[in-house]
Amino acid sequence: MMHGMEKSDSSIVAMKQANKQGKPSAEFAERRDGAEGNPGEARTCRTQSRVSVTQGLARIRKVARTRKTERFTSLLRHVDVALLTQAYYDLKRKAAAGIDGLTWKDYEKGLAANLADLHVRVHKGTYRPLPSRRKYIPKPDGRMRPLGITALEDKIVQRAVVEVLNAVYEADFQGFSYGFRPGRSQHDALDALAVGITRTKVKWVLDADIAGFFDTVSHEWVIRFLEHRIGDPRMIRLIGKWLKAGVMEEGTVIPTEAGTPQGAVISPLLANIYLHYVFDDWAKRWRRGKGNIILVRYADDIVAGFQYESEAKSFLIDLKKRMGQFNLSLHTEKTRLIEFGRYAAGNRTERGLGKPETFNFLGFTHICGNTHSKGDFLLVRITRRDKMRAKLKEIKDELRRRMHQSIPEQGKWLRQVITGYFAYHAIPTNYKRLAAFRHYVKDLWRRTLCRRSQRGRFAWDKINRIALEWLPFPRILHPWPYTRFSVKHPRWEPGA
């Protein structure tokens, strides 16, 4: 055993050659590891407990990757004090408090004792989650979206459990699933969709919307899906407690018989697991032997591209049936099958029809356009008008609250807002919308300064000078989709 270890160690350590003869040799150095797994893990291992957390989850990932039918029977033991501590520091510091009234700062007082007590309760089975505090936030279309704000200890335990379950399910999830997964972002999903539309024979696009997904998820099916991979009854019971915890609205606790609370830490992962079995695996099987079909899913937002209209229509019919089997349904008004892609404009012109319809995905409207130079197909993506309008209204309301602050104070805040907005929306083909956003913010600022002025007016030349100092100008921050996608997926094939 020792001989094997010595041999292994000698293969890891290598001598750097001297740069010039006659000079001392360079120091010993470790060879670089391969890119397998999460390369960022090593940076989190500052203590012995962090090392044990990373090593334990790495073992789970390896087993999940190599044994696709393995059921994990002792997962809860990985939710130890070290992982709970890591989960606590991963939470947002200024997040709203749940019905317990505890904030992140409050819990930090006596943190070690608090987490030790929480760990004991979780493993003894005496931990009881509290109902979520329901809060409503306005949607761009004027409706109200219900959010569930969970208690702080529930957030901590859920965050730790998500870390453990991610080690299992990241090996199972399909490549076209992007929502709330480690190392994947909304822009990765947007890139994949753009590359699929521009580089393959997509002629039809299905924009599918699941009606009230987070409110209609079946608890029974969630547990059944989890049991495919999770054989630890304590972990299953813990998740069942969260599903049944209920919500508190106006002082009354309302039991939850279906759905997962939007805003809970565990909800995105449960949604991914649910749709992995309901949609992802099924869709992957469905497209075998068909024409070119691309799939992109971000949480409950699904976009599919098809080469043939007949297959697109058949997929939509089968998808409706599939959703119905698992207590889900497609929104009749928001689910659309449209002619879209490189050939859409020409084909519609031949039939005497107008321009191709557009569709929305992850905050952007997707449009069939053309390049100025050669007139080739160009996928144009611009910020959704309703989303920009909602953001401007939010800025207007906040400026009223900040009306009597000094111009530098207002300017610093507006600079942060615009910088954050550009960080997401500054994609190629969206420059005009970015410039329009900055102009409207400048006008809102001018109107606010007018309201507090004794003369009731504020000259445009003056606000332009102030804006030069505080409001950043738009510039494209994201690369073209294919550039970034080809770096992240160098061996990607059109049919993948």
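This is a predicted model: local features need pLDDT of at least 70, side-chain atom pairs count only at pLDDT 80 or more; totals for chains, interfaces and linings use all residues.
In the largest nonpolar core, which holds 79 residues, the members that touch the most other members are I156, F279 and F315. Helix 11, spanning residues 267-286, gives the most to this core, with twelve residues. Apart from this core lies another one of 27 residues, and L193, V303, I338 and F364 are among them. In soluble globular proteins, nonpolar side chains tend to be buried together.

When residues up to four places away in sequence are not counted, F279 touches F176, L295, R297, I302, F315, L319 and M323. F279 also forms an aromatic pair with W282, and this pair is tilted, with 6.4 Å from centre to centre and 50° between the planes. Both residues lie in helix 11, where they are three residues apart, about one turn of the helix. W282 counts as buried as well, at 11% relative accessibility.

In total, the structure holds 21 aromatic pairs. Because W221 belongs to helix 9 (residues 219-226), while F326 is found in the loop between helix 12 (309-324) and strand 10 (336-339), the pair ties together parts that are 105 residues apart in sequence. F326 is buried, its relative accessible area being 7%. W221 and F326 also belong to a cluster linked by ring pairs, which includes F213, F214, F225, Y274 and Y277.

Rings also take part in arrangements with charged groups. The charged end of K203 sits over the ring of Y343, at 5.4 Å from the ring centre, and the charged end of R438 sits over the ring of F473, at 3.9 Å from its centre.

Turning to the strands, an open sheet is built from four strands in the order 4-3-6-7, and its pairing is mixed. Strand 4 (144-149) and strand 7 (252-254) stand at the edges and have a single partner strand each, so one side of each is left without a neighbour in the sheet. Neighbouring strands of this sheet are turned against each other by 45° on average, with direction ignored. Within the sheet, strand 3 (residues 132-138) pairs with strand 6 (residues 247-249) in the parallel sense, over two bridges. S132 has V247, in strand 6, as its bridge partner.

Methods
Residues are numbered from 1 along each chain as its sequence is written. Side-chain values use heavy atoms; hydrogens and water are left out. A nonpolar core is a set of buried Ala, Val, Leu, Ile, Met, Phe, Trp, Tyr and Cys residues joined through side-chain atoms within 4.5 Å. Buried means under 20% relative accessible area, exposed over 50%, partly exposed in between (1.4 Å probe, protein chains only). Contact means heavy atoms within 4.5 Å. Two strands pair if DSSP finds at least two bridges between them. Axes are lines fitted to C-alpha atoms, for helices over the stretch in contact, and angles run from 0 to 180 degrees between N-to-C directions. Rings of Phe, Tyr and Trp (its six-membered ring) pair if their centres lie within 6.5 Å; planes under 30 degrees apart count as stacked, over 60 as edge-to-face and the rest as tilted. A charge sits over a ring if NZ of Lys or CZ of Arg is within 6 Å of the ring centre and within 35 degrees of the ring normal.
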